[in-house]
Amino acid sequence: MAHTVETSDRDKIPFVQKFIYGLGAFVNNLLGAAIGGMLIVLNLGLGMNPVLVGLIGALPRLTDAITDPLMGYISDHTKSKWGRRRPYIFFGAIAAAVIFALLWQLPRDQSENFYFWFFLIGSIIFYLAYTVFATPWVALGYELTPDYHERTRLMAVQNFMGQMAWLVAPWFLWFMQNDILFEDMIEGAGWLAIIIGVFTVCVGILPAIFLKERSKHQEEKTNKESLNVSSSDKNEANEEFPAGFKDFIKGFLTTIKFKPFLYLCAATFLVFNGFMLVSSFQTYVIIYYVFGGDQSLGAEFAGWAGTVSAISTFCVIFLVTKLSTIMGKRNAFFFSTGVSIIGYALKWVCYTPESPMLLLIPSIFIAFGLGGLFTLMGSMVADVCDLDELNTKQRREGMFGSIYWWVVKLGMAVALAAGGFLLNATGFDVALAGQQSADTIFFMRLCDVIIPIITSLIAIWMIMAYPLTEDKAREVREALEARRGKMTVDDDEPIQNVELNTSS
């Protein structure tokens, strides 16, 4: 076990800044949860085929494979008086909010084909704006502190704040189909989108306004001797990473070939994809198995299950943060993911029509999965960014963050698409309401339990190969600071002269 070193005062992030960064997590998760959770309206409200609904959720993520890394590259190479990240966070939040609100103002009495293309094109535009906000916000968190444990504490706060979104998201369906407030589910979705859009504008811009970036521009402020980099080394770096598109491609390839980073991406995809798949699937299990097709009662209990999960996650975040200090980030991941596996298994006995309240119990254990994942993984990616800089002489938080979170979004997309196909494969027919066949119910329940257990076990196996311990991370930091000096906090200045700098 590594010897834990106390965090120095200069590496600590004031709590108010952690809180403000966490507000970005709330907005980030709220938009992600809303676009995924509200798609059920297309099936239950408009009668669209679940496969088409799944494709609407999945296909826009294919464009993210290009736009996310490109946005990361642009953010890494931007020079402005306001920093590399903050201009994009500010304007991206506003654009994402407006587009999301407009997307759900649905025209009535259109064909299934019309709704498919309307949502597909609209979602692609929304995700582009969402990327402009989210990618620089993620990168900003990786560079707020160079300390091994302070990074985990920062990610704990942002994960805690982000979980607030999952506290309210399970109630979206209940809100949208509320007969007292709205004529139908479609009208409810339109008003919910407006509320989310207004909130996103008001809160999403706060990290851009109040946070300060740590600067890598030490190279402009210190002499060559303090950097300990010869002219030949610099020329070699410039040859290896030339300006423009070739620079982007080489940086992208370097990132996706970096094994410690790939372990984190693979584990995240597996844990998150397993969770998201059953998040959409379990709503159907609750409605059509536990409550025999009663959508209103099923939606209410699904909301309560989500609320219990979110509250449990808050507690998990504190526990995992403490455990990571004691046993290391990797072992803390093993523990939290292992507990979540127990929760998935409990669904088989706790999801029962005879005692509906029991369905709340698995949520407590399952909360360890995402509670541990996004507390630890963000901190571990920040450590990987340091190791990458040691190897390449570049700070590329934007590129790492964009690819990592594209993997998260890909996991959500695969879950949405697979959920639709799996639902059809079980024989589910929305027209049958509560009269689904016994085989359909059995296979729905089996998928709900088995799939996330398998993905979580594979994720644990992947992280066994992750090499960065606390001692190794400290060695990397010391080598970096000996070469290029310590990171400093940029002065707060207004936006002006934003430009892309493609030189290394």
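In this predicted model, helix α16 (residues 329-350) packs against α15 at an angle of about 135 degrees, and the axes of the two helices lie 7 Å apart. Since angles over 145 degrees would count as roughly antiparallel and those from 65 to 115 as roughly perpendicular, α15 and α16 are therefore oblique to each other, and their crossing is right-handed.

**Helix packing**

- Two packed helices are described by the angle between their axes and the distance between the axes.
- Helix α15 (residues 295-327) also meets α17, where the two axes come within 7 Å and cross at roughly 50 degrees; α15 and α17 are therefore oblique to each other, and the crossing that they form is right-handed.
- The crossing of α1 and α7 is right-handed.

**Cavities**

- The count of cavities of 30 Å³ or more comes to five, and the second largest cavity has a volume of about 300 Å³.
- The second largest cavity is lined by 25 residues, of which Asn28, Asn29, Tyr130, Trp405 and Val408 are the closest to its centre.

**Lining of the second largest cavity**

- Two or more residues of the lining of the second largest cavity come from each of α1 (15-37), α4 (60-76), α6 (112-142), α7 (148-168), α17 (361-392) and α18 (397-425).
- By residue class, the lining of the second largest cavity divides into 13 nonpolar, nine polar and three charged residues.
- Both domain 1 (13-213) and domain 2 (251-484) take part in the lining of the second largest cavity, each of them giving at least three residues.

Terms used. Residues are numbered from 1 along each chain as its sequence is written. This is a predicted model: local features need pLDDT of at least 70, side-chain atom pairs count only at pLDDT 80 or more; totals for chains, interfaces and linings use all residues. Side-chain values use heavy atoms; hydrogens and water are left out. On a 1 Å grid over the protein atoms alone, a cavity is a set of points where a 1.4 Å probe fits but cannot get out, and a pocket is an open set with protein on both sides within 12 Å along at least five of seven lines; lining residues have an atom within 4 Å of a point. Grid points are joined across faces, edges and corners, and a volume is the space filled by probe spheres set on the points. Helices (H or I, at least four residues) and strands (E, at least two) are DSSP runs, numbered from the N terminus. Ala, Val, Leu, Ile, Met, Phe, Trp, Tyr, Cys and Pro count as nonpolar, Asp, Glu, Lys and Arg as charged, and the others, Gly among them, as polar. Domain bounds come from an automatic or database domain assignment. Axes are lines fitted to C-alpha atoms, for helices over the stretch in contact, and angles run from 0 to 180 degrees between N-to-C directions. Angles under 35 degrees count as roughly parallel, over 145 as roughly antiparallel, 65 to 115 as roughly perpendicular and the rest as oblique. A crossing is left-handed if the near helix is turned anticlockwise from the far one by less than a right angle, and right-handed if clockwise.
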